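Please look over the sequence and the structure shown below before reading on. The briefing after them is grouped by topic, so that each point can be checked against the picture.

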Amino acid sequence: MEPQLLHRVADSVATVVIRHPAKRNAMTAAMWRALPPLLDTLAADPEVRALVLTGEGATFCAGADISTLQGSPEEAQGLAVAAEEALAAFPKPTLAAVRGHCVGGGSQLAAACDLRFAEQGALFGVTPAKLGIVYPASSTRRLVSLVGPATAKYLLFSGELIDAERALRTGLVDEVLPEGELGKRVAEFTRILTARSQLTQAAAKEFANGRTDRDEHWAARARESGDTAEGVAAFLERRSPRFTWTASA
């Protein structure tokens, strides 16, 4: 089967599937290149209110296809970083749904998502030390922000894999689900996300990611949007709110 990124949109959730079964969903150069424009398209779609990234079958992503490193490792790493940054900049909530191995470039992509849910049995690893690669500074900082410097050093220095339970304890994963329950929980949680205010989510995402120059921007959007008035009215009337502000605007 041709390595590719598949995607679908249903119930206001975009699902992007990493598909390369011959190499446990390893990312090829073409797949790295394809991710940023795909994310741009999905970000501009007003129907999309959240995004799920996952792998086909029993593996999330085994990393970069090592054959792509034989030419120019610097170029290959640049493609991976560009894809990671595009995912981190996606303006709506993102969630990595992880089964099996989430290693190397796979962990890079998972870390760029806002949230990570994993099935029991999943394994996580950051493996550049096995190949003599300098892990990108931006990726290292993102990893440190998730798990702290001590765990980041453990992962980067050793390249060892950790299980889902340890990933949960260190902050690399937000929830661990029993085998067979991941899809159900992701569907349930994304329904929650799509029912909430995109205005709140978009502002919170920027603030949580460290942006410090947009306070007045978001205050103005809150005044203009009507979401706050709708949320208060819905609460008082004991009904579900109908938020209208969209991050695609």
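Two residues are said to be in contact when heavy atoms of theirs lie within 4.5 Å. With that cut-off, and leaving aside neighbours within four places in sequence, Leu53 is in contact with Val16, Ile18, Phe60, Leu87, Leu95, Ala96, Ala97, Leu109 and Cys113. Please keep in mind throughout that this is a predicted model.

**The nonpolar cores**

- The largest nonpolar core holds 45 residues, and among these Leu51, Leu53 and Phe124 touch the most other members.
- At least two residues of this core are supplied by each of β2 (13-19), α1 (29-43), β3 (50-55), α2 (73-88), β4 (94-98), α3, α4 (137-158) and α5 (164-170).
- Helix α1 gives the largest share of this core, namely seven residues.
- There is also a second, separate core of 11 residues, which includes Val13, Ala97, Phe117 and Leu193.

- Strands β2 and β3 pair in the parallel sense over six bridges, and Ile18 stands opposite Gly55 in β3.

**The sheet of three strands**

- Strands β5, β7 and β8 form an open sheet in the order β5-β7-β8, and the pairing within this sheet is mixed.
- Because β5 (101-103) and β8 (162-163) stand at the edges and each has a single partner strand, one side of each is left without a neighbour in the sheet.
- Helix α3 (residues 105-112) packs on this sheet, where it touches β5 and β7, and its direction makes about 90 degrees with that of β5.
- The pairing between β5 and strand β7 (residues 123-125) runs in the parallel sense over three bridges, with His101 standing opposite Leu123 in β7.

- Not counting residues up to four places away in sequence, Leu123 touches Gly100, His101, Cys102, Val103, Leu161, Ile162 and Asp163.
- Leu123 and Arg8 are 115 residues apart along the chain, and their C-alpha atoms are separated by 26 Å.

**Aromatic rings**

- The structure holds two aromatic pairs. In the pair made by Trp218 and Trp245, the ring centres are 5.8 Å apart and the planes stand at 70 degrees, so the pair is edge-to-face, the term used for planes over 60 degrees apart.
- Trp218 lies in helix α8 (residues 215-225), while Trp245 lies in the segment after α9 (227-237), so the pair ties together parts that are 27 residues apart in sequence.
- Trp218 is buried, with a relative accessible area of 8%, and Trp245 counts as buried at 16% relative accessibility.
- Elsewhere, the charged end of Arg166 sits over the ring of Tyr154, at 4.3 Å from the centre of that ring.

Key
Residues are numbered from 1 along each chain as its sequence is written. This is a predicted model: local features need pLDDT of at least 70, side-chain atom pairs count only at pLDDT 80 or more; totals for chains, interfaces and linings use all residues. Side-chain values use heavy atoms; hydrogens and water are left out. Two strands pair if DSSP finds at least two bridges between them. Helices (H or I, at least four residues) and strands (E, at least two) are DSSP runs, numbered from the N terminus. Axes are lines fitted to C-alpha atoms, for helices over the stretch in contact, and angles run from 0 to 180 degrees between N-to-C directions. Rings of Phe, Tyr and Trp (its six-membered ring) pair if their centres lie within 6.5 Å; planes under 30 degrees apart count as stacked, over 60 as edge-to-face and the rest as tilted. Buried means under 20% relative accessible area, exposed over 50%, partly exposed in between (1.4 Å probe, protein chains only). A charge sits over a ring if NZ of Lys or CZ of Arg is within 6 Å of the ring centre and within 35 degrees of the ring normal. A nonpolar core is a set of buried Ala, Val, Leu, Ile, Met, Phe, Trp, Tyr and Cys residues joined through side-chain atoms within 4.5 Å.
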